[in-house]
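Student: Hi! I have a new structure open and would like to get to know it. Could you walk me through it?

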Amino acid sequence: EIHIKEPIEKEVNPRLLPGELLLCEASTVYKYVQEDGSNRGTYGKLVCTNFKISFLDDDSASDDNEPQFKNKIVGENDITLQCVDQIYGVYDEKKKLLTGQLRKYPETLIIYCKDLRVFNFCLRYTKEEEVKRIVSGIVHHSQTPKLLKRLFLFSYASAAPSNTDGRNQTVMFETLEDWRDELERTKGNVKYKAVTTNEGYRVSEKLPLYFVVPICISEESILKYEGRGIPIWCWSCHNGAALLKMSSFPKEQDDSTSQMQKAFLDGIYKTISKPPYELLRMDDLSSSLPSLQDIQTAYTRFKQLFLIDNSTDFWATDVKWFSLLESTNWLEIIRRVLKKAIEVAECLEIQHTNVLLIEESATDLCCVISSLVQVMMDSYSRTKSGFQSLIQKEWVIGGHSFLDRCNHLHKSEKEEAPVFLLLLNCVWQLVQQYPPAFEFTETYLTVLSDSLYVPIFSTFFFNSQHQRDTNKSGESLKTQSGPFRFLTVWDWSVQFDPKALAFLNNPLYAEKPKPDRSQRKTARFKHQRQLSLPLTQAKPSTKRGFFREETDHLIKNILGKRIGKFINSSDEPPNSLREFYDSWHSKPVDYHGLLLPRIDGPEIKVWAQRYLRWIPEAQLHGGGTIATAAKILDLMEEVQSLQVKMDEEHSQAVSGDVHSVPLLRNSARLSSLFPFALLQRQSVKPALPTSTWKDLEDEDDLVKRDDEFVDLSGDML
């Protein structure tokens, strides 16, 4: 039985952005609704432009029932070309990966997206010529290697009116003054200086125009090895200890070159390590953290758990969900990265020791650890503008290869690795553990991860500041000639209207109290202590349970070698980090001071909003964090309206200054998929294969739990 809407009679045309061109289209395409395997769906037109793949049905023509959280650039049925992960064709009920030239065209097209959406398009009722054009067009424009200047980023920049400032108090770190201001803010200007040595990129094309080094480092040293072997400043702690990073020399060198480089490094270390006044700890991240290849492999396995074709696939994997999740190793990598950030924080905070992070290019894991440490130790980095400035400083200007790591040009899969996504996953762990400490929400992090694949912003589409600057010049349609004016992703008004922007701001953010001691004491919240860090033998817990008793040994093995490996001086107590961690967790949390993530087994969680938001079967009807947010926003709206009435009574009406918040009445009607997907119909749990039922014969609890979702005898087709 197939439930369909009749083919649309009126012509529906795609909404094109400035510089966007329609390349190919196909009518009478049938889009399946990813639900219960009953082939429900709707007819429409499938189009491909130089920016996106888009499905247009009769709902696309009307503005009725628009979601509250609507993206103005990418619609519900739009897929940017950079967001396409893999394309499969179905031939006689067999799936085949589509790449390059096609000899035979499929009956069904399945598009897997990098934001984990899955689209199923049936082409059985489409004209053969249109099928050839649309399938070839989609595969070619989304999967084949392309030149940088062919990105839609340049078409849009040359055609769109440049009438937005878009900085929103975000420090862009493109000028010498920005770096000097940051040095002053962190009190690092006593020992460190901003340098102009790389103006004109005469030192290195990978380094930014301006950066900060220890005062004792000479210009000749910076120039000698193209910036390699030079400690570059990231941030200074309140006690004067600093976080530094350094790109290492290539490992395969001849003996004479290696000796010269070793002598050079020894000289550099002696100038900045002056015991007992200035201590320096070095950490080679390439040996103490997983490789980029390991990270890519783990994430590739992990995302497969969420790229669900239909309900049957979902319920089939649900039976062995935990074992599948553990086998990906993704959560373990997040734990190891958070643990490393805690190590660095302990060195800076307790031991007052400078930490030098070392990596081959210092633009991948160095960016992750330095950013995490700043989020944990600097409350400014937990504000929206502070976090955005941090991403600009460490990632965009710092030279992270977004173009290669996201594989935007489909040049080489060997370079691809979700390093920036790894950071966002780690920050999300902190956001969900300590919500009042952050001015932004998990929804903000989710839309930031989505923006990686929207090529109208330059933020995530270059490998370095040099690459961006050299590609800025070009012909503009508006001004005849002149540099491109790229948009920055930090201007959120380009993607969302004010009503939607309210979801990015945390209404329960504990703003920094005024510098009054009595107020500061009352502003601290009591924090309930969680499970202690399972690195050494812990005191037996009064609570008897699975995690404490059955998995102590397992977790110790998972966490790997003891943290003492980082601190390689012999007189260092091996459990100093454990003491630091336990001591911090035994005290009340200061939401504007140091934050340490909890990294015990059950504390590292899956970022449910990002990974489960397109799966109806995984939703909580009337539940999830959005139900809580809805109640809070309703209460805020009521308080604000009362405030307006009071002000009017006192003849001091300030209604124009009141910030509007979205109306989210009847939160029970929402689901945990909101705001990314509207409330879905209750999903129908399909009949499980006989073999699976046999496996579950003794699992009475599981069977009983399933009953609340569906009456298996009555709803099968």
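**A first walk through the model**

Tutor: Let's begin with helix H5 (residues 255–272): it has 18 residues and reaches 26 Å from its first C-alpha to its last, close to the 26 Å expected at 1.5 Å a residue. That expected span is 1.5 Å times one less than the number of residues. Helices here are DSSP runs of H or I with at least four residues, strands are E runs of at least two, and both are numbered from the N terminus. This is a predicted model, in which local features need pLDDT of at least 70 and side-chain atom pairs count only at pLDDT 80 or more, while totals for chains, interfaces and linings use all residues. Residues are numbered from 1 along each chain as its sequence is written, and side-chain values use heavy atoms, with hydrogens and water left out.

Student: Which residues of H5 are buried?

Tutor: Gln261, Phe264, Leu265, Ile268, Tyr269 and Ile272 are. Buried means under 20% relative accessible area, exposed means over 50%, and partly exposed is in between (1.4 Å probe, protein chains only). Seen down the axis of H5, these buried residues fall within an arc of 135°, so they line one face of the helix. The arc is taken from the directions that run from the helix axis to the C-beta atoms.

Student: What is on the face of H5 turned away from its buried side?

Tutor: That face carries the exposed residues Asp255, Gln259, Ala263 and Lys270. As for the buried residues of H5, what covers them includes strand S10, helix H4 (219–224), strand S12 (242–247), strand S13 (280–284) and strand S14 (354–359).

Student: And which residues are buried in helix H3?

Tutor: In H3 (residues 176–185), they are Leu176, Asp178, Trp179, Glu182 and Leu183. Seen down the axis of H3, its buried residues fall within an arc of 165°, so they line one face of this helix too. They pack against strand S9 (192–195), strand S10 (211–214), strand S11 (232–236) and helix H12 (384–396). Just after H3, Lys187 takes a positive phi of about 60°.

Student: How many residues of H14 are buried?

Tutor: 14 of the 15 residues of H14 are buried, so this helix is largely enclosed by the rest of the structure. H14 covers residues 419–433 and reaches 22 Å from its first C-alpha to its last, close to the 21 Å expected.

Student: New topic: how many aromatic pairs are there?

Tutor: A search of the whole structure finds 44. Rings of Phe, Tyr and Trp (its six-membered ring) pair if their centres lie within 6.5 Å; planes under 30 degrees apart count as stacked, over 60 as edge-to-face and the rest as tilted. Phe55 and Phe121 form a tilted pair, 5.7 Å centre to centre with 35° between the planes. The pair links distant parts of the chain, with Phe55 in strand S3 (residues 52–56) and Phe121 in strand S8 (residues 118–122), 66 residues apart. Both Phe55 and Phe121 are buried.

Student: What else is in contact with those two?

Tutor: Leu46 is in contact with Phe55 and Phe121, among others including Cys24 and Ile134, leaving aside its neighbours within four places in sequence. Contact means heavy atoms within 4.5 Å. Leu46 is in strand S2 (residues 41–49) and is buried, with a relative accessible area of 0%.

Student: Last one: how many disulfides does the search find?

Tutor: Zero in the whole structure, where a disulfide is a pair of cysteine sulfur atoms within 2.5 Å.
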